[in-house]
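Biologist: I would like to go through this model piece by piece, with the cut-offs stated as we go. Shall we begin?

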Amino acid sequence: MVKKQILPRLFIIIARLKIQLLALAAFFMQLPKKHRFIIFAFSGFSLFLMLLPSEKELTAQHTDNKGFQVGKRYQIAMPQNKNDSSTQENKSHIRTIEIPSLNDKAIIIKTDAAVNTVNSQQQKPMAWQTVKVRNGDSLARIFKRLGFSAQATYAVSTAKGKDSKLLRKMHVGDTLRIASNNNHHVVALEYPLSKTDTLYINLVGESFQSHKESKTVEIREGVAHGTIKSSFWNAGTAAALTDAQIINFANIFGWDIDFALDLRENDTFRLVFEKKYVEGEYIGTGNILSAEFVNQGDVFQAIRFTDNEYYTPDGKSMRKAFLRAPVNFKYISSNFKRKRFHPVQKRWKAHRGVDYAAKTGTPVVAAGNGKVTQSTYNKYNGNYVFIQHGNGIVTKYLHFSKRAVKKGQRVKQGQLIGNVGATGLAAGPHLHYEFLLNGVHRNPRTVKLPDAKPIAKKYKTAFTVLAKKRLQTLSSIKPY
């Protein structure tokens, strides 16, 4: 009976609500568009606010089942070994866990031993490999051999920074150290360039960056001395000089002394030179700071100045305007003579130069700065080069196996101009060298060579002080 009375009333209520909604809708549609838009926006915003979760609900969502909260650290006692009894050992089982915020990309777990970072972009290096550069190797070949991709090769070789270009100049026997992560992706590379310099390439973020680091070199002074018995080379070796030091010493005095012909038994030498150390470890010799050579009773001394040039104690340059001999030779096969029997033409004629016998292909350099006036071939001179210098001086070089300069080219002292050969009228491989002053042939071995520029006046005082100190060190070296 009750149900029969409720249902009609419910239908009546629904009908009335429907009529009211229709009337409300009709009223809403009669409103101006601006008012309807404001009512619609306010209703939508109110509905959005009603759907937002409360602060308590948010806290509950970001708290795990055990009650851990964002931004807090908790100490957790890890299971211990039954045999662990000491306080120190118990401490080693304590772990600190940091729960990150929603925006964090990594979970950091700190232990007493290390920090492990799990990140999708980069992982902790897992292994270093040392590789020796082989003949014909390039970075691409090395990476392929180690199983790294071509993309890795490109990324490393184009690392940010100018120093990455040094990877293009690898030499056979050099070593590389390469680090990769547990996904076998390259993350770092080390390339020792010398005993002092190392190239580093590291993955920083998503790209590689390069830089070069240099260790500080400590300079100490070393001394040496010797006496000529057979040759300067043997005497230098006996004095514990390196090959480079022997050559450099000869170059310093090469303007005044012919080390192939002028040396005599019991000639003496002594020198002060740099010894290099890195972190207390000896890594080799440096520049010769001062030197002395006594040749047939004549004393020659040289002091190195801050401009990297050598001068006599009174400030004159050790470097002359011309080299005495423009080639490393075995011996002089024919000297400068007014009359000589030509070995090919079989007749007597003047020999207006010096013949330096040497192996075919031996480099020949310009005796001084100048301009190439001729570089060609004829049946008498073979391949030859003429150079015009200042002050009316011309030098001539004959019988090259091949020429390295062209007519009109300017050359500097010591620059390669050709190679020893036996072209033209030559009985064997040698360099025929002539020296002309104002059109007159002079003996290249005895002609007086003009001096180079002396020490500048503004440095004269500083050089005098340095020279005095260097000479005192030289004189303190024990007698021969």
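Biologist: Which residue does leucine 203 stand opposite in β9?

Modeller: Helices (H or I, at least four residues) and strands (E, at least two) are DSSP runs, numbered from the N terminus. Two strands pair if DSSP finds at least two bridges between them, and β8 is joined to strand β9 (residues 207-214) by eight bridges in an antiparallel arrangement. In that pairing, the residue of β9 opposite leucine 203 is phenylalanine 208.

Biologist: What is the total accessible surface of the chain?

Modeller: This is a predicted model, with local features requiring pLDDT of at least 70 and side-chain atom pairs pLDDT 80 or more, while totals for chains, interfaces and linings use all residues. Residues are numbered from 1 along each chain as its sequence is written, and side-chain values use heavy atoms, without hydrogens and water. Areas come from the Shrake-Rupley method with a 1.4 Å probe, and for residues only the protein chains shown count as cover. Carbon and sulfur atoms hold 55% of the chain's surface, whose total is about 31,100 Å².

Biologist: What share of the residues in the chain is buried?

Modeller: The chain has nine helices and 26 strands. Buried means under 20% relative accessible area, exposed means over 50%, and partly exposed lies in between (1.4 Å probe, protein chains only). Of the 480 residues, the buried share is 32%.

Biologist: Which residue takes a positive phi in the hairpin of β8 and β9?

Modeller: β8 also takes part in a hairpin with β7, where four residues lie between the strands. Strand β7 (residues 186-192) and strand β8 (residues 197-204) run antiparallel and share five bridges. The hairpin of β8 and β9 has two residues between its strands, and the positive phi, near 70°, belongs to glycine 205.

Biologist: How are strands β10 to β14 paired in their open sheet?

Modeller: Strands of a sheet pair through backbone hydrogen bonds, either parallel or antiparallel. The edge strands are β10 (217-227) and β14 (310-311), each pairing on one side only. Within the sheet, strand β11 (residues 268-278) and strand β12 (residues 281-295) share ten bridges. The order of the five strands is β10-β11-β12-β13-β14, and the pairing is antiparallel.

Biologist: Which helix packs on the sheet and touches β10?

Modeller: Contact means heavy atoms within 4.5 Å, and axes are lines fitted to C-alpha atoms, for helices over the stretch in contact, with angles from 0 to 180 degrees between N-to-C directions. Helix α8 lies across β11, β12, β13 (298-304) and β14, at about 35° to β12. The helix that touches β10, β11, β12, β13 and β14, and makes about 125° with the direction of β13, is α9 (residues 460-476).

Biologist: How far apart are the C-alpha atoms of aspartate 262 and asparagine 295?

Modeller: Aspartate 262 sits in the loop between α8 and β11, and its 22% relative accessibility makes it partly exposed. Leaving out residues up to four places away in sequence, its contacts include Asn295, Gln296 and Arg445. Aspartate 262 and asparagine 295 are 33 residues apart along the chain, and their C-alpha atoms are separated by 7.7 Å.

Biologist: How many of the eleven residues of strand β22 are buried?

Modeller: β22 runs antiparallel to strand β21 (residues 382-388), with five bridges, and to strand β25 (residues 430-437), with six. It also pairs with strand β24 (residues 416-420) over three bridges, again antiparallel. Strand β22 (residues 393-403) is largely enclosed by the rest of the structure, because the number of buried residues among its eleven is eight.
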